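Please keep the viewer open as you read.

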Amino acid sequence: MASITSLGIGSGLDLNGLLGQLKEAEQAKLGPIAEQIQSEDAKISAYGKLQSALEQFQSSAEALNKPSSFESLTTNVEGSAVGAVSSNEAQPGQYEVQVGQLATASSLVTERLETADESIVTGEQSLSFALADGAIDPITIADGSSLEDMRDAINQQSDGRLSASIINDGEGFRLAVNSTETGADASIESTNFSSILAGDVQTSDAQVVQAGQDAEFNVNGIDIVSSSNQVEGAIQGITLNLSEAGATSTVSVEQDSDAIREQVTAFVDDFNTLKDTITSLTAYDVETGQAAGLNADAATRAVERELRQTISSVVGGDGFSVLSDVGISLQVDGKLAIDEDQLDSIVANQPDQLASFFAGDSEEGGMAGQITASLESLVGTGGRLESAVDSSERRFAALEDRFATTESRIEQTVERYRTQFQAMDGMVAQMNQTSAYLTQQFAMLGQQNQS
């Protein structure tokens, strides 16, 4: 807006002050719109908090809607013979594992040479190894290769089945080759190392071959042989890691009651957090007259009503039918409470019935499935809450447009007042000048008449 600081000079009136008052009066029209914008923005923010709490509770319900959530197992091992890891395929039980011997890898150490880095091969040669389960592809040894070159060739060409290194035994150098797999079938039985050496290469001592051996152990009196110390399938769903020969371990597989209880507790805690969130977002302070963002909001009331109906619903079947049957009751304040002793007893003694109650025999057959479906109608795509948020965002955008339009109209009105004041100021100034001139003329005429 153009400067109005010169207003009033011609008329002597406080037109600047008057124009300021008119502008303030016009801008008062923006106040109610600004309040509505603030209220709608607070509502959108509150919807976001509500949706977050609903989604967290939905996640807890979805977790209880999976039968696998009630199949968690814990594995305990007493003794040093083995370690054990269970999968969902394991079955509760106790197993005594006695380890007779561990599986070992085979090794072969060649004859002794005087040097490790000088040429010992003339022409291209093929180095072969015979294993108990059959020979591997020959290793190509280049012309002029040293013992170190042979080592590198074995490591590069044996497809990971052999591992080679060089040993200095104090009198010379030997090529040491190990099988990378344990067990008798992976044993290295022989090599043609000495036969591919150049004619003038001198060797001493003899090859030393150490055969690999299988692990031998028994489970609950049943003898088992394994080429590896990591054994899968000897006990269904359990991987045993044999660690000490001549030792015994007791492996116990039990239902993981703590994991089941934690998921049920999380379900209750998340519901109570959701209830607290709704209470906070719909609160009204009588003393201050301040209302929370979703006070008296229809969508929020519908959400609360739907939740109350869902958690009070009945699950069909011959087992548990309502939440109170599993030790979860609805309190006067709308929250859920757990009867610790009752839930602990059910988790320990009736885990299958608890799983049937929450997960059911179909996607929406159990309590958790019914709650999940109900929540989806609230927070899912096209759900009640999404529609409320969309509607509120549209109102927010319309109010912002209305605020901008009103603000522009006020500026135009104030500018019109300014133009009118400027015209009036000029007119009054001109009239004052005319009045002063006439007064002067009349005074002069009076003086002439007196003369």
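**Notes for a first look**

1. Let's begin with S204. This serine is partly exposed, because its relative accessible area is 28%, which falls between the 20% limit for buried and the 50% limit for exposed. Please keep in mind that the model is predicted.

2. Where does S204 sit? Look in the loop between β10 (188-191) and β11 (208-210). Setting aside neighbours within four places in sequence, S204 is in contact with E111 and R112. As for N155, 49 residues apart from S204 along the chain, the two C-alpha atoms are separated by 24 Å.

3. Next, the sheet. Five strands make up an open sheet, in the order β1-β16-β3-β12-β13, with antiparallel pairing. At its edges stand β1 (73-78) and β13 (222-226); each has a single partner strand, so one side of each lacks a neighbour in the sheet. On average, neighbouring strands here are turned by 25 degrees against each other, direction ignored.

4. Six bridges join β1 to β16 (residues 247-255), and the two run antiparallel. Within this pair, T74 stands opposite E254 in β16.

5. How many cavities of 30 Å³ or more does a search of the whole structure find? The search finds one, and the largest cavity holds about 40 Å³ of space. Its lining consists of L131, D133, R161, S179, E181 and A186. By type, these lining residues are two nonpolar, one polar and three charged.

How values were computed. Residues numbered from 1 in each chain as written. Predicted model: local features only at pLDDT ≥ 70, side-chain atom pairs only at ≥ 80, totals over all residues. Heavy atoms only, no water. 1 Å grid on protein atoms, 1.4 Å probe; cavity = no way out; pocket = protein on both sides within 12 Å on 5 of 7 lines; lining within 4 Å. Points joined across faces, edges and corners; volume = space filled by probe spheres on them. Nonpolar A, V, L, I, M, F, W, Y, C, P; charged D, E, K, R; others polar. Helix = DSSP H or I, 4+ residues; strand = E, 2+ residues; numbered from the N terminus. Buried < 20%, exposed > 50% of the residue type's maximum accessible area, 1.4 Å probe, protein only. Contact = heavy atoms within 4.5 Å. Pairing = 2+ DSSP bridges. Axes fitted to C-alpha atoms, helices over the stretch in contact; angles between N-to-C directions.
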